Amino acid sequence: MHRVSPPTRFRSRISRRRLMAGGAGVLGVWAAARLSPAALGLADPAPGETVVPFLDEIPDPGGREQVKWIDPQPWLTPTQHVFTVGHYTRPAEIDSAKYRLEIFGQFDKPTTLMLDQIKAMPRKELTATIECSGNGSNKNFMGAIGNATWVGTPLVGLLKDAGIQKSAVELAFYGTDTGQEKLAGQDVEQPFARTLPIGETSREDILLCYEMNGQPLQHGHGAPVRLVVPGWYGIAWVKWLTGIEARDRRLMTRFIARDYVTIRGEERDGKTLWRQTSVGPMNVKSITSRVVRRADGTYVVHGAAWTQGKVAKVEVRVDDAGWAQATLEQNQTPHTWTFWSYEWKAPAAGEHRIVSRATDERGRVQPTADDPEIKLKRTYWEAYAQYPRRVRIA
């Protein structure tokens with residue numbers, strides 16, 4: 001059996017200036033969320049309020065790490081409720097003292113870093129929403145999403161020190177987890193890998209992350225170091241990161257070219273043009289999570305919305321009425337979810353259909369299931385269609 005893996009490690013040459021530039025992080029949004037939990041997120045019903053059950057309740061995930069939409073949702077998702085997904089066999093826990101991250105390929109100064117060296121680099125804290133690209137593909141898998149605070153060192157500084165060469169067209173990120181694949185009739189062992197185009201890697205918010213929600217990163221979430229790519233689906237957030245390769249040609253391993261590929265058709269001049277695209281940036285999406293009846297008889301519809309970037313607005317439609325704008329919380333930052341509410345006044349008794357749609361700052365509108373971009377999609381990745389809910393008013 002052949003093994004496909006990064007080449008022999010190189011001696012570290014990261015500059016002393018960057019190693020000495022690390023410092024303590026600020027409390028940031030993490031502290032703000034802890035100081036005012038009632039003002040951030042979907043809180044418990046107030047005294048005199050009752051939750052109206054959905055007729056199409058989302059099944060309980062049964063102990064799996066997922067968000068339960070019917071429950072109160074804080075701005076920051078508790079770590080134990082943030083989903084974890086493995087693609088090959090989950091590796092054994094990695095000894096932090098023995099951890100190594102290899103920087104190789106099209107670099108002027110290839111290097112190998114220990115965890116202490118990574119932590120000594122400039123520290124950045126940010127809050128971002130991570131969503132599994134299969135989230136919403138069926139009603140049993142609706143809570144594979146979470147909003148968390150991540151701490152690490154920005155990737156862009158490391159690339160500057162290593163001297164990425166002009167010949168590089170993408171960066172490949174390798175995990176410690178490996179699996180057997182059959183290539184050209186041969187059984188080979190490959191590490192999990194995903195790539196980012198060079199143009200994306202100049203962002204200041206892509207992190208080599210070692211803390212989550214104020215605590216050291218847990219093994220299930222990719223410790224000692226994982227990649228954090230705000231605005232991209234979780235498949236890009238490579239866990240158990242062991243190598244970064246600058247490449248002068250495209251990498252086409254399983255989880256880039258064969259799995260996590262969306263197949264979609266587009267009608268053009270009476271013909272259907274079919275395309276296969278690798279799952280990458282998040283789509284604009286919303287969900288109706290709860291309906292509450294107030295003591296005065298008013299009903300309030302609650303939900304959440306997210307996208308790559310920021311959500312501009314959320315609208316709600318009840319039955320065949322027109323779209324009405326919901327109220328967004330004001331705590332939204334780029335690449336985080338936002339919670340919304342809509343006052344539903346004097347609804348008639350009987351069964352009703354409620355659906356939300358989000359629009360992001362780029363003008364993208366969450367489509368219906370009958371929209372061609374959803375109807376002509378042949379894979380379950382990137383499930384972002386509007387999701388109607390049903391309730392009965394007594």
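**Figure 1. Salt bridge between Glu181 and Arg254.** In this predicted model, the side chains of Glu181 and Arg254 form a salt bridge with an N to O distance of 3.1 Å. Glu181 belongs to strand β9 (residues 170-183) and Arg254 to helix α5 (residues 254-258), so the contact ties together parts that are 73 residues apart in sequence. Glu181 has a relative accessibility of 11% and counts as buried, because the limit for that class is under 20%. Arg254, with a relative accessible area of 26%, is partly exposed.

**Figure 2. Salt bridge between Glu131 and Lys285.** The side chains of Glu131 and Lys285 meet at 2.8 Å, N to O, in a salt bridge. This pair links distant parts of the chain, with Glu131 in strand β7 (residues 124-131) and Lys285 in strand β17 (residues 285-293), 154 residues apart. Glu131 counts as buried at 1% relative accessibility, and Lys285 likewise counts as buried at 7%.

**Figure 3. Salt bridge between Arg389 and Glu57.** An N to O distance of 3.8 Å separates the side chains of Arg389 and Glu57, which meet in a salt bridge. Arg389 lies in strand β24 (residues 389-393), whereas Glu57 lies in the loop between β3 and β4 (73-74); the pair therefore ties together parts that are 332 residues apart in sequence. The relative accessible area of Arg389 is 1%, and this residue is buried. Glu57 counts as partly exposed, at 35% relative accessibility.

**Figure 4. Network of salt bridges around Glu170, Glu245, Arg247 and Arg250.** Salt bridges link these four residues, Glu170, Glu245, Arg247 and Arg250, in a network. Side chains of opposite charge can pair when their charged atoms come close. In total, the structure holds 23 salt bridges.

**Figure 5. Open sheet of 5 strands.** The strands follow the order β3-β17-β18-β22-β21, and their pairing is antiparallel. β3 (50-52) and β21 (327-328) stand at the edges; each has a single partner strand, so one side of each is left without a neighbour in the sheet. Strands of a sheet pair through backbone hydrogen bonds, either parallel or antiparallel. One of the strands in this order, β17, is also the strand in which Lys285 lies.

**Figure 6. Pairing of β21 with β22.** At this edge of the sheet, β21 pairs with strand β22 (residues 338-344) in the antiparallel sense, over 2 bridges. Within this pairing, Thr327 stands opposite Ser341 in β22.

Technical notes: Residues numbered from 1 in each chain as written. Predicted model: local features only at pLDDT ≥ 70, side-chain atom pairs only at ≥ 80, totals over all residues. Heavy atoms only, no water. Pairing = 2+ DSSP bridges. Helix = DSSP H or I, 4+ residues; strand = E, 2+ residues; numbered from the N terminus. Buried < 20%, exposed > 50% of the residue type's maximum accessible area, 1.4 Å probe, protein only.
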